[in-house]
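Colleague: I would like to learn how to read a structure like this one. Could we take it feature by feature?

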Amino acid sequence: MNAPVLSLALKSAFNRRLTAILTIIAVALSVSLFVGVEKMREGARAGFERTISGTDLIVGARTGPVNLLLYTVFRIGDPTSSISWDSYQEFADRPEIAWTIPISLGDAHKGYRVLGSDQNYFEHYQYGGGSRLEMAAGDPYSGVYDAVLGAAVARELGYELGEEITLSHGIGEVGFHDHDNRPFKVTGILEPTGTPVDRTVHITLQGMEAIHVGWESGAPSALARAASAEDVASMPLRTDEITAFFVGLESKGAMLSLRREINTYEGEPLLAVVPGLALNQLWSVIGTVERVLGAISVFVVFVGLLTILTSILTTLNERRREMAILRSVGARPWHIFALLVSEAAGLAFIGAALGVVLVHGAMAVLAPLAESRLGLALTGLGPGLFEIYVILAVTAASALLGVIPAWRAFRNSLADGLSIRL
Amino acid sequence: MAAPADPAISARALRFAWPDGAPVIDMPELTVARGERVFLQGPSGSGKSTLLGLICGVLTPDSGELEVLGADLTQMSAARRDGFRAEKLGVIFQLFNLLPYLSVIENVALPCRFSAKRAARAAETGGSVTDEARRLLQRLGLENELIDRPASDLSVGQQQRVAAARALIGAPELIIADEPTSALDAAARDGFIDLLAEQAAASGATLLFVSHDARLADHFDRSLILPDLNRAGVAA
């Protein structure tokens, strides 16, 4: 492409600037949708993978790996059954295991899951590539009736330290039975993590036992109603069952053999999953939606490019005179060809670049909101090679489509010669 | 008339037909000497535009000889004919000669974008291409204040003078004008032809002026009647 043609293409397009601007806007919007979907996908994927880290195995009652991951890490769905404290102890004491976090689920507070655990939870639980839980206010639980709130729970319910809360039996916004005679006190609030931890109420395993004293049959007995919180606290609160436990190993080398051992444990049916593998399995399920979105946005970009093609093709006839004048002053047919291809490519380039700017501008404005409200981490998704490829690909595709009007103009200019018929 | 030794245009037994029709050009002989100002008169449909297309190298004859400025157009590739036209020919149309999105100056300088030799010659006589464009526009009587305006602001008469300046810039050896005055009134028409002829003479160019209007013949050295030359007299 040479300079005289480029500057002519530019001036000619500027002369038809209303069409040109509308075309550019169409391309910009389609490209921003495409890049936006891609960025959301990346953000969702990254956030997804951030939910848990540092844990080598998750062990629970035998079920599907995805199911175990869903209720232990994402706190979605119901645990199928429990595992005994004895089985937990048997593995927790193994020398190749560095730490374990026992967890117990099954209760809720206003729709937020309640998770019973011990001090190991604050010490060893990691997310987002090795970040540990930090207290935004107060301290981790120590007493039976202490509760530590995830950041989203505290923010959305407006709770502060010292607040008394009532837990409900079962999972749901309105519990079937409230444990209203055993209120808990908020002793700590966690920093936001962008993971399901934010939406969890944490209590001790003892607290979990305490609210269920007299619930052995699955429903409140006379004891459950009669015993006061103080009475229960003074009882020996022994945990018999937990829902699952997280395992950190001394060395990764032991992982496969330990997993096999747990999965074939004879005491009771157990399942050990590697979080990374289970996450991948779960993502491949969610990924379908994401791929459909991606395909739709590709089509939208294509529609944007067709707008360029249409706008150039419709002006072609009224531009026959322009072409004949150029031919008369010595333009070669390939100059005419280049004029139209470079117009198509130029419009697409400006549109695509504008689209990328739009999307990143919007992301910069919305990132804090998306991070705090949706736990969607949009930071670290700044423009990079991907955006450059998108701009280049859109420009190249448009130049390719531009060959169609260019070829027609080329043929017209050969047929018309210098005579211009109006 | 005896053929000059080194003619600007020389055609023998020239034939051309559109692929789908009867012959449009069947011309035993046409000669224009260098430096000559020739008036070619013919009614519409007598093959004027086709003949100009052949001389400009945009169309190729089916048979016969055609030499323009000493170059045998029938032996040249399309690309070389384009280059030849860019460098040596100046063309003025009947109407709408200018690109509306360029300024007057840019329109005049347009041929210099496509021919380095014309750009060099223009710069040689005028100092720079732009200065040469200004000089030509002044010679053709275009008011100075119009020079930087968009071409679309000009009246038809002014546009034709800009087109003439464009045809003249960089001293092409052959100027071809295809009914450039048909949209002008009588006074503007005579003024325009005189200026064009004068400037063509000043740069030593040959001028081939085509029109259906026999009254213009007086302004030229010689007139030719196209139907007399062209045996393929299409329905006149």
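Modeller: Start with contacts, meaning heavy atoms within 4.5 Å. In chain A, take the contacts between residues at least 6 apart in sequence: 78% of them join residues at least 24 apart. Keep in mind that this is a predicted model, in which local features need pLDDT of at least 70, side-chain atom pairs count only at pLDDT 80 or more, and totals for chains, interfaces and linings use all residues; side-chain values use heavy atoms, with hydrogens and water left out. Residues are numbered from 1 along each chain as its sequence is written, while chains are lettered from A and ligands numbered from 1 in the order in which they are written.

Colleague: How many helices and strands are there in chain A?

Modeller: Chain A has 14 helices and 16 strands. Both are DSSP runs numbered from the N terminus, a helix being H or I with at least four residues and a strand being E with at least two.

Colleague: What part of the residues of chain A counts as buried?

Modeller: Of its 422 residues, 52% do. Buried means under 20% relative accessible area, exposed means over 50%, and partly exposed lies in between (1.4 Å probe, protein chains only). The accessible surface of chain A is about 19000 Å², and carbon and sulfur atoms account for 62% of that. Such areas come from the Shrake-Rupley method with a 1.4 Å probe, and for residues only the protein chains shown count as cover.

Colleague: Into which domains is chain A divided?

Modeller: Domain 1 takes in 3-49 + 287-416, and domain 2 is 57-273. These bounds come from an automatic or database domain assignment. Between the C-alpha centres of domain 1 and domain 2 of chain A there are 52 Å.

Colleague: Where do A:Glu38 and A:Arg41 lie?

Modeller: An α-helix has 3.6 residues a turn, so residues three or four places apart point the same way. Here both residues belong to helix H2 (residues 17-50) of chain A, and they are three residues apart, about one turn of the helix. A:Glu38 counts as buried because its relative accessibility is 13%, whereas A:Arg41, at 24%, counts as partly exposed.

Colleague: Which other pairs can I look up?

Modeller: A:Arg94 and A:Glu96 meet at 3.2 Å, N to O, and A:Arg155 and A:Glu156 at 3.3 Å, N to O.

Colleague: How many residues of helix H12 of chain A are buried?

Modeller: Eight of nine, in a helix that spans residues 320-328 and is mostly covered. Among the buried ones are A:Met323, A:Ile325 and A:Leu326, but also A:Arg321 and A:Glu322. After the helix comes A:Gly330, with a positive phi near 110 degrees.

Colleague: In what order do the strands of the sheet in chain B stand?

Modeller: Strands of a sheet pair through backbone hydrogen bonds, either parallel or antiparallel. Two strands count as paired if DSSP finds at least two bridges between them. In chain B the order is E2-E1-E4-E5, an open sheet of four strands with antiparallel pairing. E2 (23-33) and E5 (71-72) of chain B are at the edges with a single partner strand each, so one side of each has no neighbour in the sheet.

Colleague: How many bridges join E1(B) to E2(B)?

Modeller: Nine, and the two strands form a hairpin with five residues between them. B:Ile9, for example, has B:Val32 as its bridge partner in E2(B). On the other pairing, E1 (residues 7-17) and E4 (residues 63-68) of chain B share five bridges, and B:Arg15 has B:Ser63 as its partner in E4(B).

Colleague: Which strands does helix H1 of chain B lie across?

Modeller: H1 (residues 48-55) lies across E1, E2 and E4 of chain B, at about 60 degrees to E2(B). Axes are lines fitted to C-alpha atoms, for helices over the stretch in contact, and angles run from 0 to 180 degrees between N-to-C directions. Seven of the eight residues of H1(B) are buried, including B:Leu51, B:Leu52 and B:Ile55.

Key
A salt bridge is a side-chain nitrogen of Lys or Arg within 4 Å of a carboxyl oxygen of Asp or Glu.
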